[in-house]
Amino acid sequence: MAGTAPPTRAVELTSSAAPSVAVLVPCRNEAMAIGKVVADFRAALPDATVYVYDNGSSDDTGAIARAAGAVVRSEERPGKGGVVRRMFAEVEADVYVIVDGDATYDAAHAPGLVARLVDDGLDMVTAVREHDDPAAYRRGHALGNRALNALLGLLFGRRPADMLSGYRVLSRRFVKSFPAQSQRFEIETEMTVHALEMRVPTAEVATRYGARPAGSASKLNTYRDGARIVVAMALLFRDVRPLLFFSGLGALLAAISVVLGVEVVMEFMRTGLVRRLPTAVLATGLMLLAALSLAAGVILGSVARGRLEAKRLAYLASGTGFPRRA
């Protein structure tokens with residue numbers, strides 16, 4: 001909520017043992033807001049480097065960010081997911097603060113979020129959006145976010161408070177083991193699922209969320225991007241838990257096969273004839289597909305375990321984490 005006071009803890013970035021911090025800002029056509037975002041984060045984290053990745057803007061986003069003191073790079077291929085993938089590949093740091101370039105997130109919370117990650121040895125701290133301004137977070141977006149949080153919790157066993165938050169602090173281990181396959185706004189969902197799949201330590205911290213500056217417009221389409229996020233969750237569930245996905249599909253096909261075939265079997269037992277041959281063929285085909293689905297789930301389950309082991313090795317090879325403070 002708007003009255004939430006920023007955390008008082010801060011990371012001492014001046015000591016030689018302090019972790020290096022990079023602030024990553026993916027944005028497109030944010031000339032109205034990007035100057036404030038860069039200035040606010042440079043003030044909140046004075047020893048951090050702010051990187052602005054301009055995703056093909058047609059306005060002066062890049063020039064304004066550069067004038068404000070950011071390192072500006074370009075990614076012409078459209079889509080936030082592609083920008084995040086490139087940022088994670090190119091930028092080297094111990095701690096990564098990723099935030100949208102629309103000036104809706106409070107930079108004053110950044111030191112506390114970084115401190116929580118470092119002090120507790122975490123790999124991801126998510127800023128959970130709190131607000132009391134209707135213009136900041138439309139009711140449709142709020143309801144959709146709650147529904148998507150509930151769906152992700154149902155599929156993966158743990159419900160996040162704000163899976164679509166664009167304000168997160170990440171460890172180097174998380175960033176360098178994250179495959180980043182998403183193309184657009186599904187990237188936050190993929191980050192959340194990656195953390196759940198890897199079982200890395202995470203935390204959620206309430207932060208203030210404000211309205212966009214006057215004159216700027218959101219790139220998010222409620223229904224189109226919501227549908228993409230649902231599809232992304234289904235595909236991630238298939239890839240992360242293939243045995244459960246395909247066995248569930250097989251059980252559905254087997255149930256339909258039984259419903260269709262039971263009368264055929266009963267008639268054959270009574271008369272010795274199969275008069276409904278098309279139904280019998282369909283029921284048989286569905287049962288075969290159910291068996292194939294189960295077999296695919298077993299095989300892909302082994303593949304998924306191998307992929308998880310590879311990501312785990314990349315995670316372990318990316319650093320030893322942060323020393324605990326006394």
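## A salt bridge at glutamate 75

Glutamate 75 and arginine 86 join their side chains in a salt bridge, with N and O 3.1 Å apart. This pair ties together distant parts of the chain, since glutamate 75 sits in the loop between β3 and α3 while arginine 86 belongs to helix α3, 11 residues apart. Do keep in mind as you look around that this is a predicted model.

Glutamate 75 also forms a salt bridge with arginine 77, where the closest N and O atoms are again 3.1 Å apart. Arginine 86 is partly exposed at 31% relative accessibility, and arginine 77 is exposed at 61%.

The whole model holds 17 salt bridges. Another one of them pairs arginine 238 with aspartate 239, at 3.0 Å from N to O. Here arginine 238 is partly exposed, with a relative accessible area of 32%, and aspartate 239 is partly exposed with a value of 32%.

## The sheet and its helices

Now for the strands. Seen across the sheet, the order is β3-β2-β1-β4-β6-β5-β7, an open arrangement of 7 strands with mixed pairing. Because β3 (71-74) and β7 have a single partner strand each, they stand at the edges, and one side of each is left without a neighbour in the sheet. From one strand to the next, the twist averages 20°.

Strand β1 (residues 21-27) runs parallel to β2 (residues 49-54), with 6 bridges between them; leucine 24 has tyrosine 51 in β2 as its bridge partner. Helix α3 (residues 80-90) lies across β1, β2, β3, β4 and β6, at about 155° to β1. Helix α7 (residues 187-198) lies across β4, β5, β6 and β7, and runs at about 45° to β6.

Which strands does β5 pair with? It is joined to β7 (residues 202-208) by 7 bridges in the parallel sense, and to β6 (residues 168-171) by 3 bridges in the antiparallel sense. Methionine 124 stands opposite threonine 202 in β7, and valine 125 faces valine 169 in β6. Of the 7 residues in β5 (124-130), 6 are buried.

Arginine 129 lies over the face of tyrosine 209, 5.3 Å from the ring centre.

Notes:
Residues are numbered from 1 along each chain as its sequence is written. This is a predicted model: local features need pLDDT of at least 70, side-chain atom pairs count only at pLDDT 80 or more; totals for chains, interfaces and linings use all residues. Side-chain values use heavy atoms; hydrogens and water are left out. Buried means under 20% relative accessible area, exposed over 50%, partly exposed in between (1.4 Å probe, protein chains only). Helices (H or I, at least four residues) and strands (E, at least two) are DSSP runs, numbered from the N terminus. Two strands pair if DSSP finds at least two bridges between them. A charge sits over a ring if NZ of Lys or CZ of Arg is within 6 Å of the ring centre and within 35 degrees of the ring normal. Axes are lines fitted to C-alpha atoms, for helices over the stretch in contact, and angles run from 0 to 180 degrees between N-to-C directions. Contact means heavy atoms within 4.5 Å. A salt bridge is a side-chain nitrogen of Lys or Arg within 4 Å of a carboxyl oxygen of Asp or Glu.
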